[in-house]
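This briefing concerns charged side chains and their surroundings. Please consult the sequence and the structure shown here while reading.

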Amino acid sequence: MIVDLKRFIKEEQPFWTELEEVLERRVKDPDRTMDIPELRRFHYLYQRASADLSRIATFSSEKNIRMYLEGLVAQAYGEIHEGRGRHWRPKPMRWFLVRFPETFRAHIRAFALAVFVTLLGAVFGAGALGMDEEAREALMPFEHLWGNPGDRVAMEEQSEGEDMAGHHASFASELLTHNIQVSILAMGAGISWGIGTLLILLTNGVILGAVCADYILAGEGVFLAGWLLPHGVVEIPAILIAAQAGLVLAGAVIGSGARENLSARLVRVSGDLVTLAGGMAVMLVWAGIIESFLSQYHAPVLPYSVKIGFGCAELCVLVLFLSKSGEAFYAKAARVIRVPGPVSRLGARLMAARTRRRAGYGR
Amino acid sequence: MDVRRNTVVARTPEGVSFSLELAGPVSRCMAFLLDICCVMAMQAVAGKAASLMGILSMDMASGFAVVSYFVLSMGYGMLTEWAWRGQTLGKRLLRLRVMDADGLALTFPQIALRNLLRPVDALPAMYLAGGLCMLATRRAQRLGDIAARTIVVRARETKEPDLDGLLPDKYNSLRRIPHLAARLRQRVGVEAAGIALSALTRRDGMNPEDRVRLFAEIAAYFKETVTFPPEATEGLSDERYVKNVVDVLYRT
């Protein structure tokens, strides 16, 4: 019924201790590569501990030893069967310049959907305000926007940015933390099958459309462009990218037509979600700084043409960055691994995935 | 993976099963409160640094305070769970650990994602969404855990077993009657043997009265199962009797 526990422990304990030491070394130095004999030994020790666990579970109910062995086997199992490139090394430049835009492009349809829903909200907001100006308070939840746009423009131009003096850093930090929180919420709301994300996008779109319509109808279109473009061309895409991540998450949760189960789908997209969230955060930091230090200054302190020109230049750089950045890296990597003949589109994607894995970006 | 009550049982390709005990909502809540205390303590330190910075510029100090609070509250969980393999300070104190739901090693995207989804779990207030989700799911997962494919389990101490102190090579009067010792091995089940061994392992932590009563009950059970003649049991305390029985059962 019960194995000779004392003899069993005496015989097996050296192997358990050795396995514990191997695991300890893995914890201390996860990037160290084992050579073949070391790997074989590690695998042997894992299998031996597994067999011991099986014996102790079958023939004895000694709880402490079983728990000790379960802990050892669980840890070794995690190390041996993991194939997702666990050891993360921060490479911020490569991540931002290569991985982030590449991930953005890989989920471009989710981004397009986010843009479409925002535009839908904007059209509704603009239309509602155009038809009924009294709806301003319902459409725009910000009190400082309820007044007449012409009055606000006159006030802003008269103040010459003096009200912002000495508050730039605190204002920028409040903006960026608030925007990042809202964006994270937009992303996380994707777990509600995307309903939460779509509602946030629609709401943002309605507010944006109503504000734009309000200023344009009041003949303050130039002020609006000068006020919104410098930071908005980065801030709005950043929020759309957060929503893109939310829709990617929703896609994984819904999994319509997918052959993988929910678990596999979530594992597949988790790296992309974190990358999109990180990229979005960087963009919002930039937008917060610009909004605080540039957007709040108006003519005559800063001519609108300069602000609009700056905003347009930013937009061009952003479009180029998101559409092209990182392509050269993959093309170079493809040359290094010598892909023969002409490369089809599917082949290129497979090649990119392979290169990503080799470059340490395994998903 | 198989889920039984509060335990997840993982089966390896080698055909071996190991169990992971899931952490309950109360212990997770306690760990979270401890983590909030840690973040607040760090925030207090950052606030002091900001006030020193205020000597140079009040604007910079205020900006630093806002950003540091945000970074600490968002980054604390990610960094500690990554550095301590699934544990924050609160989880460490309460012996909890975040694990991959399949028992594999935890990856950084998983840790980041489960922490990024905290604001959604906190909706509409007091972690209601996350709490309800934990109660509704078999693996007690909040929304962040579901998205990141993680579970929170009770961490185990990997302490090497030591039976030398428990079963010393001393004279055992029950072994003098081999046929009864063999009958004892045959009749006593795995569970009863485990209870006796567990009682011996934990006896030093018991109250004297409870210890006497517990060993009396266990000894009575064994005496009822197989009755040894008086010459084999004379002068043996209940605890000594249980010890001898365990010695017979676990050492053939």
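Over all chains, the count comes to 21 salt bridges, a salt bridge being a side-chain nitrogen of Lys or Arg within 4 Å of a carboxyl oxygen of Asp or Glu. The model is predicted: local features need pLDDT of at least 70, side-chain atom pairs count only at pLDDT 80 or more, and totals for chains, interfaces and linings use all residues. Residues are numbered from 1 along each chain as its sequence is written, chains are lettered from A in the order in which they are written, and side-chain values use heavy atoms, without hydrogens and water.

**Salt bridge in chain A**
- A:Asp214 forms a salt bridge with A:Arg136, with the closest N and O atoms 2.8 Å apart.
- Because A:Asp214 lies in helix α9 (residues 195-217) and A:Arg136 in helix α6, the pair ties together parts that are 78 residues apart in sequence; helices are DSSP runs (H or I, at least four residues), numbered from the N terminus.
- A:Asp214 counts as buried at 4% relative accessibility, where buried means under 20% relative accessible area (1.4 Å probe, protein chains only).

**Salt bridges in chain B**
- B:Arg28 and B:Asp145 meet in a salt bridge (2.8 Å, N to O).
- This pair links helix α1 (residues 25-53) with helix α7 (residues 143-148), 117 residues apart.
- B:Arg28 and B:Asp145 also belong to a network of salt bridges with B:Glu81, B:Lys91 and B:Arg114.

**A buried serine**
- A:Ser170, in helix α8 (residues 168-188) of chain A, is buried, with a relative accessible area of 9%.

Definitions and conventions:
Helices (H or I, at least four residues) and strands (E, at least two) are DSSP runs, numbered from the N terminus. Buried means under 20% relative accessible area, exposed over 50%, partly exposed in between (1.4 Å probe, protein chains only).
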